[in-house]
Protein chains: 2
Amino acid sequence: MNEHEKIFIDYLKRSDLKYTRPRQIILNIVFNNPSHFDVETLYDQIRRNNRDVSRATVYRTMPLLVKSGLIKQSLRCQAKDQYENVSDQDHHLHLVCNNCGKIIEINSSELENRLRSLAEVHKFKILDFSIGAQGLCRKCSNKRDKETKS
Amino acid sequence: MNEHEKIFIDYLKRSDLKYTRPRQIILNIVFNNPSHFDVETLYDQIRRNNRDVSRATVYRTMPLLVKSGLIKQSLRCQAKDQYENVSDQDHHLHLVCNNCGKIIEINSSELENRLRSLAEVHKFKILDFSIGAQGLCRKCSNKRDKETKS
DNA sequence: ATAAATATTGATAATGAGTCTCAATTTAGT
DNA sequence: ACTAAATTGAGACTCATTATCAATATTTAT
């Protein structure tokens with residue numbers, strides 16, 4: 001039993017969920033994989049290894065792995081495509097409130113410069129970028145504090 | 001005729017496209033909108049204003065507005081959900097090559113600290129973040145240079 | 001080890017965003 | 001106004017993801 005398995009089983013126990021064969025198979029393939037993957041690729045690999053897990057179960061297991069802290073959703077992704085007007089000032093930094101959806105836009109040339117110089121180290125030519133942070137805005141953060149206290 | 005209209009018409013002309021009524025309506029609503037929006041919201045607003053543009057046309061017009069430089073896609077979004085393993089070292093910064101799809105992951109605590117202090121100014125509590133940059137990796141960048149020369 | 005209670009699974013239908021098709025319409029240039 | 005070419009609208013379609021539900025597997029208590 002490896003570290004990942006321990007963590008996953010622990011999470012499942014805490015949540016009154018069961019460590020089943022399909023979940024075990026999925027966990028194993030996830031950690032035999034390049035770091036980045038999508039669900040379809042994962043499903044293909046499971047079948048190529050002659051394991052039998054339904055597509056539905058693979059999809060269902062993703063949120064469990066996320067909640068267990070073993071994987072996370074990568075490269076910010078929302079259900080719908082989002083657009084924004086391009087103003088004279090580009091706002092590359094977005095603070096998105098998980099609670100009320102409010103978006104605070106910030107422009108920081110300092111942050112941008114830092115980013116560009118980091119990319120330069122890898123000889124990577126940046127054409128566009130965006131920085132997305134999720135969390136709680138001031139209002140929602142306060143609200144949540146109150147609720148926790150009461 | 002306002003500035004946006006000029007830019008859009010200019011782009012359309014350059015591309016041998018026509019400035020039609022539906023495109024005019026869409027342009028207007030886009031710039032009467034909060035900065036961030038999705039297509040469905042846009043479509044609703046058009047209908048609420050008793051204008052008549054089909055959903056298909058609204059979808060079709062988005063890439064034109066993007067190419068004209070008036071709007072851009074916000075908050076990185078791919079067709080499929082992407083996941084990544086959470087390793088002991090979190091890699092919050094991704095350099096994604098537009099050409100070959102290669103992903104370079106970088107961890108910069110300095111960049112992270114800078115980001116956190118910027119959020120702090122807005123009393124925003126960051127729970128998670130990711131920095132995505134698109135561009136060309138070293139190889140593809142070189143390749144493209146050569147092709148341009150030849 | 002067995003049974004009862006409960007969670008999980010697989011197969012498939014359903015959903016929802018976004019794209020494609022194509023006949024009918026509109027546009028730009030003469 | 002006429003013609004050629006681009007655009008539109010309506011709805012069919014795709015593809016990722018989610019929901020449904022009967023059948024199955026797991027856990028816990030015995």
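Figure 1. Of the 150 residues of chain A, 25% count as buried, a residue being buried if 20 or more other C-beta atoms, placed from the backbone, lie within 10 Å of its own, exposed if 12 or fewer, and partly exposed in between. This is a predicted model, in which local features need pLDDT of at least 70 and side-chain atom pairs count only at pLDDT 80 or more, while totals for chains, interfaces and linings use all residues. Residues are numbered from 1 along each chain as its sequence is written, and chains are lettered from A and ligands numbered from 1 in the order in which they are written. Among contacts in chain A (C-beta atoms, placed from the backbone, within 7 Å) between residues at least 6 apart in sequence, 51% join residues at least 24 apart.

**Figure 2. Helices and strands of chain A.** Chain A contains 6 helices and 6 strands, which are DSSP runs numbered from the N terminus (helices H or I, at least four residues; strands E, at least two). From the N terminus on, their order is α-α-β-α-α-β-β-β-β-α-β-α.

**Figure 3. The surroundings of DNA strand C.** DNA strand C is surrounded by 24 residues, the closest being Leu17(A), Pro22(A), Ser54(A), Thr57(A) and Asp81(A); a residue is near a strand if its C-beta atom, placed from the backbone, lies within 6 Å of it. At least two residues each come from α2 (21-30) and α4 (55-68) of chain A and from α3 (39-48) and α4 (55-68) of chain B. With 4 residues, α4(A) gives the most to this surface.

**Figure 4. Asp10(B) in its helix.** Asp10(B) belongs to helix α1 (residues 3-14) of chain B. Asp10(B) counts as exposed because it has 12 C-beta neighbours inside 10 Å.

Note on methods: Two residues are in contact if their C-beta atoms, placed from the backbone, lie within 7 Å.
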